[in-house]
Amino acid sequence: MKIILLGAPGSGKGTLAKKISRDFDIPQISTGDLFRAIVKESSPLANKVKEIMASGGLVPDEITIEMVKDRIAKPDCKKGFILDGFPRTVKQGEALATFSNIDTVILVELANEVIIDRLSSRRTCPNCGEIYSIEDNPEEICKKCNTPLIQRDDDKPDTIRHRLEVYDKNTSPLINFYSDRLFKVSSAGSPEETYSPVKAFLTKLEEKGE
Ligand SMILES: [Zn+2]
């Protein structure tokens with residue numbers, strides 16, 4: 001099964017991807033991971049990426065697309081894959097369609113205000129990196145190393161709001177692009193409640209494909 005996961009930062013998309021990957025035995029592929037992996041390689045493509053990153057430039061679409069194309073051609077993707085964070089734009093979606101036929105696009109939906117609430121209650125230990133929610137740790141002191149917790153800039157409401165605006169702007173056209181294969185799920189409940197309808201849907205889809 002070839003799956004694309006769409007969802008805003010803080011929507012619980014990553015947790016959902018891990019559950020799908022585990023139960024359906026297909027790898028989760030994120031462009032962030034691809035970039036982290038490729039800089040350790042030494043292929044012509046890897047060298048090109050390293051050069052661009054070293055010069056501080058933005059990696060052009062063609063290269064991101066080529067990386068995804070290479071990755072999904074690997075043997076562990078024979079049964080399928082979950083693309084997380086790609087495509088980000090319709091242009092990338094069109095390119096993807098030239099070399100892979102996506103079975104379904106899962107859209108994880110959560111109201112922006114809920115995302116802002118969830119993310120802005122997050123606190124990080126500046127010493128050991130442990131992450132807490134203020135609900136679970138109202139003292140705001142790290143339970144591992146006793147350091148006072150901080151709120152990262154990424155978890156501040158204004159920053160979150162801006163990231164959500166960028167996400168909405170990029171994703172709305174993609175939702176239209178994939179309207180014929182879209183499966184929507186709300187992540188307002190627990191991670192298990194979010195996963196349950198997705199699992200049922202994918203199980204049916206898998207049976208149909210075999
Ligand atoms: Zn700590």
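In which loop is the place of Ala73? Ala73 sits in the loop between α4 (61-72) and β3. This is a predicted model: local features need pLDDT of at least 70, side-chain atom pairs count only at pLDDT 80 or more, and totals for chains, interfaces and linings use all residues. Residues are numbered from 1 along each chain as its sequence is written. The protein chain has 8 helices and 7 strands. Helices (H or I, at least four residues) and strands (E, at least two) are DSSP runs, numbered from the N terminus.

**Overall shape**

- The radius of gyration of the protein chain is 19 Å, close to the 17 Å that the globule rule gives for 210 residues, so the chain is as compact as a globular protein of that length.
- That radius is taken over C-alpha atoms, and the globule rule is 2.2 Å times the number of residues to the power 0.38.
- The C-alpha trace spans about 50 × 45 × 30 Å along its principal axes.
- Of the 210 residues, 22% count as buried.
- A residue is buried if 20 or more other C-beta atoms lie within 10 Å of its own, exposed if 12 or fewer, and partly exposed in between; C-beta atoms are placed from the backbone.
- Among contacts with a separation of 6 or more, 71% join residues 24 or more positions apart.
- Two residues are in contact if their C-beta atoms, placed from the backbone, lie within 7 Å.

**Helix packing: α6 with α7**

- Two packed helices are described by the angle between their axes and the distance between the axes.
- Helix α6 (residues 112-120) packs on helix α7 (residues 157-177) at an angle of about 140 degrees, and their axes are 10 Å apart.
- Axes are lines fitted to C-alpha atoms, for helices over the stretch in contact, and angles run from 0 to 180 degrees between N-to-C directions.
- This angle makes α6 oblique to α7.
- Angles under 35 degrees count as roughly parallel, over 145 as roughly antiparallel, 65 to 115 as roughly perpendicular and the rest as oblique.
- The crossing of α6 past α7 is right-handed.
- A crossing is left-handed if the near helix is turned anticlockwise from the far one by less than a right angle, and right-handed if clockwise.
- From α6, the contact uses Asn112, Ile115, Ile116, Leu119 and Ser120; from α7, Pro157, Ile160, Arg161 and Leu164.
- By class, these contact residues are 6 nonpolar, 2 polar and 1 charged.
- Ala, Val, Leu, Ile, Met, Phe, Trp, Tyr, Cys and Pro count as nonpolar, Asp, Glu, Lys and Arg as charged, and the others, Gly among them, as polar.

**Helix packing: α1 with α8**

- Helix α1 (residues 13-24) and helix α8 (residues 191-209) pack at about 45 degrees, with their axes 10 Å apart.
- α1 and α8 are therefore oblique to each other.
- α1 crosses α8 in a right-handed sense.
- α1 contributes Thr15, Leu16, Lys19, Ile20, Asp23 and Phe24 to the contact, and α8 contributes Pro191, Thr194, Tyr195, Val198, Lys199 and Leu202.
- The contact of α1 with α8 holds 7 nonpolar, 2 polar and 3 charged residues.

**Backbone geometry in loops**

- The peptide bond from Phe86 to Pro87 is cis, with omega near -5 degrees.
- Pro87 lies in the loop between β3 (81-84) and α5 (90-97).
- Glu140 is not a glycine, yet has a positive phi of about 55 degrees.
- Glu140 lies in the loop between β6 (131-133) and α7, and counts as partly exposed with 13 C-beta neighbours inside 10 Å.
- Asn146 is also in the loop between β6 and α7.
- Asn146 has a positive phi of about 65 degrees, although it is not a glycine.
- Asn146 is exposed, with 9 other C-beta atoms within 10 Å.

**Individual positions and distances**

- Ile52 lies in helix α3 (residues 44-54) and is partly exposed, with 14 C-beta neighbours inside 10 Å.
- Neighbours within four places in sequence aside, Ile52 is in contact with Gly57 and Val59.
- Ala73 is exposed, with 11 other C-beta atoms within 10 Å.
- Ala73 and Leu202 are 129 residues apart in sequence and 22 Å apart in space, C-alpha to C-alpha.
- Asp76 is in the loop between α4 and β3, and is partly exposed with 13 C-beta neighbours inside 10 Å.
- Asp76 and Ala95 are 19 residues apart along the chain, and their C-alpha atoms are separated by 22 Å.
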